[in-house]
Amino acid sequence: MATSKPRRPGRPERTALVRHIALASGLLVMVGPFAWMLLTSLKTLGEALQVPPTLLPATPQWSNYAAVLDALPFAQLYANTTIVAGVRAAVQVALCSLAGYAFARIPFPGRDALFLLVLAALAIPAPLLTLPHYQLVGRLGWLNSLHGLALPGLFSAFGTFWLRQSFLAIPNDLPEAAELDGANHWQTYRHVMLPLVGPSLVGLAVITVVWSWNELLWPLVVNSSPDRMTLAAGLASLQGQHATNIPLLMAGVVLAVLPPLTLFVLGQAVLACRQKQ
Amino acid sequence: MAPRLIGWLLIAWLLCGCASAPATLAVTLRYALWDVNQVPAAEQQIAAFQRAHPHIRVSIELTPYEQYWTKLGTAARDGSGPDVFWMNGPNIGSYAAAGLLLPLEGWIAADGLDLSAYPAWLVDLYTLRGRTYAIPRDVDTIGLWYNKELFDAAGLAYPDATWDWARLREAAQALTDHERGVWGIAAPLVSQSGYYNTIYQSGGFVLSPDGTTSGFDREETIAGLRFWTDLIDAGLSPSHAQLVDTPPQTLFQSGKVAMLYDGSWQQRPLAQNEQIRAMVDVAPLPRGRERAVIAHGLGHAIAARTDRPEEAWAFVRYLGSREAAEILARDGAALPAYGETADLWVEANPTFNLQSLVDALDGAVPLPTSADAAVWWELERTHLTRAWTGEVSVEEAAALLAQEMNRVLAWEVLPR
Amino acid sequence: MSTAPEARRSGVALRRGLRDALWGYAMIAPLCLGLAALYLGPALAAAATSLGDAGRFGEGVWVGLANYRALLADVELLRAIANTARFVALTVPVSLVWGLATALLLHSRPRGVAVYRALYLLPALTMPAASALIWRWLLNGDYGLLNGVLGVLGLPTLRYLTDAEVAPYAIAAVATWSIVGPTALVLESGLRRIPRHYYEAARLDGASALARLRHITLPLLAPTLFFAAVVTTLLAAQTFDLVLIMVGPTNPALASTQTVLYRLYVEAIVLGRSGYAAAMGTAFIAMTMGLLAPLLWRYSRREFQHGHE
C-alpha cells in the first residue's frame, strides 16, 4: 500500500483524517436513506404509516424479518438472481473485452462506424425493448427460464465502450512490442492487454451484478412461475394495488441487500490479499 | 485455470437450456393474478377444484399490479400468456376489442349457468356487444371511512345512512382544527373513490349510457366536482399539493384527517394497522341530490389462444360458483360477487361495520369505462389537476376535458 | 529504383490489412451479433411501427410520417425535452465531480476502503421503489425530515416534490444520489491503471497535489472520464422510472419534471398508442445519436493523434 513520504511530522495522519471525514460525510448521504429503511423494517405497520414519521420504533419488530422470510422463498430468489447476475457478468467480461480490444487496437475497415452503431444501443429507450425481447426469447423456447432471463443482459454496449476506453488508455509500446515478437491479435489480447485492464474487468462485473440485482420489469415479463422469480420480482410482489405492508417490504429489501454487500466487502479483501502475493 | 473452468460451466449451462422439459400427463392451467393478499384464498379454491378434477393442475402466477398489464399484454399478444386471469373494468374494453379473450356466452348457455347470482351491473361490465368475456369474481365499493376518536372529541355523532352533503360539510367544519394540524376530510384527486361518486350523486354522469358523449361539461357533473374543490377552498381539506405529497390513507391513519372516501378494499390494510383499527369505522357515502356509489369488481377471463379451453372453462365456472365464493368470503380479503355470500364476508371482518357497505350497493353505479378509457382517464388527470390546484376554475377545466374526451370517444372501436 | 522491396512492402501491408480485418471482425462478432439481435432488431422494428398507428396490441394502418409530424406539435413533449435537458445538465456534472472526488478518496486506500466502496454502491443496489418511498418521506413538504431540520434551524422550508420550481432539483438530487456509487467505481478503475511511478516522479519534482491532479490524473483518466460522461448523460436522458414513482400523474410539478421517456412511457403503456410511442422512441434515438456522434468522432480522432505518452 503506497503511503506518501512524510514532509512534516503528523502530516499523513492529518491527510488521512481529512480523507476519512470527506468519505464519511459523503457516505452519510449515500447510506442515510438505507438507515431509515432499516429502522422502518423494525416498526409496526401503524408506526411505519405515521406522519410525522417517528425515527425509532417503540419496540424493534424482528418478527417482520421472520414474516418476510415466510412470505418469500429467499433461497430460491437468491439462487435465481445470483445465477443470472453471475452468468451475465462472466459473459459480458468475455465478450466486451474481446470486442473492446478490437475496437481499440485493430484497424479494420468500418471500425469507427460499427462502434457508433454499438453505442447507439445505449440510446434505445427501454419500453421499446420489452416486447421484442419477449418475442425473441419465446422463439428460442426459453420463456420462463433463467436462460431467457439472462439473455438480454449478456451483450452490453456499456461494457464494450468501457473496455475500449480502458484498452485505449494503455500505452502503445507494450502491444507494439508484442507484435514485434510475432504475437497475433488473440495472443496480444489474452496475454498482454487483458491483464492490464483488470480493474475495468472487475468493475464491469460488479456493475453488471448490481444492475442485474434490481432489474424488475424484464424478470416479471419473461418468467411466470414462482420458482423462476428474482429478488426484485419477489420484493415487488409484496406491493399491493392499493396498500403495501411497508415494514415487511423494507425488511425484504434489507435481506436482499446485505448479503451481496457483505460478499462484495469480502471479495475485495480476497482480491487485495491475492494482489499482495 | 479459473476462467477456463467458468467458461466450460457456462457453455454447459447454456446448452442445457436447449433441452426441452419432460411432458406431463396432467393438464396444467396457468392462473394469473396480482394481489399477494388474496393468494391464500386462491390456493384454497384451487385445492378444492383440483380435488374435483384430478387430471387438472392449476399454477398461480402472481405479478404485482404495476406490471400485471404490461406482462399480460405482452404475453397475450404472443399467444403465450396464462390460460385464466383476472380482468378488470378498465381493461375489458381494450382486451375484448383486440380479440384476446375467449367469449364465454356459448359455454354459459351450454352449461345452463345462472348469472343472476351476480349483480346485473357487474355482468354487464364484462358483456360487450352481447358477448360475455369474464365471469364476475368480486365486488368493491366506496365508503366513508371516519375516525371515531376525532368525532368523539368534537362531540359529533358518527356518520350514517341519513347523512347528506350538507351534514358532511358541517361535520368537516367542526372536525377541522388547523392548530393541531387536523382536517375534517381529505379531497384527493381520485376518480373511482372520489369525484365519480359525487358526480353521480349530483345527478351528473361521466359517460353517456351509449358511450359516445362525455358528461363533464354538464352542470350537475360540475357540481359533483365542485364538492371537492370547495372543501379544499374552505380549508376543510389539505391542499392538492399536500395530498399528492402525503397519500390520503397515510394522513387518515395518522389521525390527521377525520374522514376519507375510500374503497372497501382498504378494510384489510386498516384492520392490520394496530394503532388505528380500534379508532376507525366505515359508513355509507352521504347522498347528494341522489344516492350513488361507484361499484366495480374483478372478473375471471380466459385467453382466446389457450390450448385448454375446456379445462379453463371448468376452472372459471368453478371460480364463479357458490362454493368458491364462500371460500373467498370466509378468507375475508375480497367481497365475492356471488350475492348470497356477502354475510360470510361481513362476518369474516368484524372490525368494521362492513354491512353498511353491502347495503349501500343498492345505489351502485358501475365504474364508467370504455375501450379507450385509459386515454380519457389521462385527460381527466391532466385537466382536473389544474382545477384542484386552483390554477383554473372547475368549469373551465371540465369544459376542456369534455371537449377532448368527446374527440377520443368519437374514435373508439368498440361501442357498447 | 527497384520496385521489388516496395511491392514486397505493399504486399505485406495488404496481408496485414486482411489479417487485421479478419481478427477485428472475428473478435467483435459475438458481441455485435448479440447486440444486433437484441437492440438493432428492436430499433428497426420500432422504426417500422412508427410508420403506422398501432394501438396497444399492434395492428393499425400505415400513416407514413404522420406520427413524426404530430411529435413536432406535441407541446407536452417539447416541454419534456426542455425538462430532460435541464435534468441532464443538473445530474451529469454533479455526479461526475462527486464521483471523481469519491474515486480519488477511495484510490488513496484509506482504512476500511472495502467497506466504503461497498456502502457507496448501496443506493444502486437498493430496490428503487423502496428508495423512492424513503426519499418521499425525507422530502415530504409537511412532515419530512429535511424540512424538519430546516425548520429547527430557522431556515425556509420548501415543497420539494410538489412545487413546480423546486421539484426538478429534488428529482435531479435523488438521481445523482443513486448514480454516484457506480460512477465512482468506474472512475476508480481508471485511476488504478495510472502507473504509480508517474506520481512518485512528480512528487520528487515538487509538484503539488493539485498539479498532480491536473497534469497526470486528469489527462490519463480522460478516456475513462469521457466514457463516464457519455454513459451518465445517456442514462440521465433516459430517466423515467424516477419521475414515475416520485412525481406521478396528478402532481402539480409534473409539467416541469416529466422527461421525454416519461412521455414515451405514458404513450406506450398508459395510453397504448404504440405507433406514436415508437415514433417518439425512434426520434429520441436519432436525436441522442445525432448529438453524440460528432462528439465521439472528434474524440476518436484526437485519441489516435495524441498517442499515449
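Predicted model: local features only at pLDDT ≥ 70, side-chain atom pairs only at ≥ 80, totals over all residues.
Residues are numbered from 1 along each chain as its sequence is written, and chains are lettered from A in the order in which they are written. Local features need pLDDT of at least 70, side-chain atom pairs count only at pLDDT 80 or more, totals for chains, interfaces and linings use all residues, and side-chain values use heavy atoms, without hydrogens and water.

We may begin with the sheets. Helices (H or I, at least four residues) and strands (E, at least two) are DSSP runs, numbered from the N terminus, and two strands pair if DSSP finds at least two bridges between them. In chain B, five strands form an open sheet of mixed pairing, in the order E2-E1-E3-E13-E6. Its edges are strands E2 (56-62) and E6 (135-136) of chain B, each of which pairs on one side only. Strands E3 (residues 84-87) and E13 (residues 299-302) of chain B run antiparallel and are joined by four bridges; here Phe85(B) has Ala301(B) as its bridge partner. Helix H14 (residues 309-319) of chain B packs on this sheet and touches E1, E2, E3, E6 and E13 of chain B, where contact means heavy atoms within 4.5 Å. The direction of H14(B) makes about 50° with that of E1(B); axes are lines fitted to C-alpha atoms, for helices over the stretch in contact, and angles run from 0 to 180 degrees between N-to-C directions.

A further open sheet of chain B has four strands in the order E9-E10-E8-E11, again with mixed pairing. Strands E9 (183-185) and E11 (280-283) of chain B form the edges, and the twist averages 30° from one strand to the next. Two bridges join E9(B) to the parallel strand E10 (residues 257-263) of chain B, with Trp183(B) partnered by Val257(B).

Turning to chain A, helix H8 (residues 157-168) has 12 residues and reaches 16 Å from its first C-alpha to its last, close to the 16 Å expected from 1.5 Å times one less than its number of residues. Because 12 of the 12 residues of H8(A) are buried, the helix is largely enclosed by the rest of the structure; buried means under 20% relative accessible area, exposed over 50%, and partly exposed in between (1.4 Å probe, protein chains only).

As for the cysteines, a disulfide is a pair of cysteine sulfur atoms within 2.5 Å, and the count over all chains is zero. Cys32(C) has its nearest cysteine sulfur, that of Cys96(A), 10 Å away. Cys32(C) is buried at 18%, while Cys273(A) is partly exposed at 48% relative accessibility.
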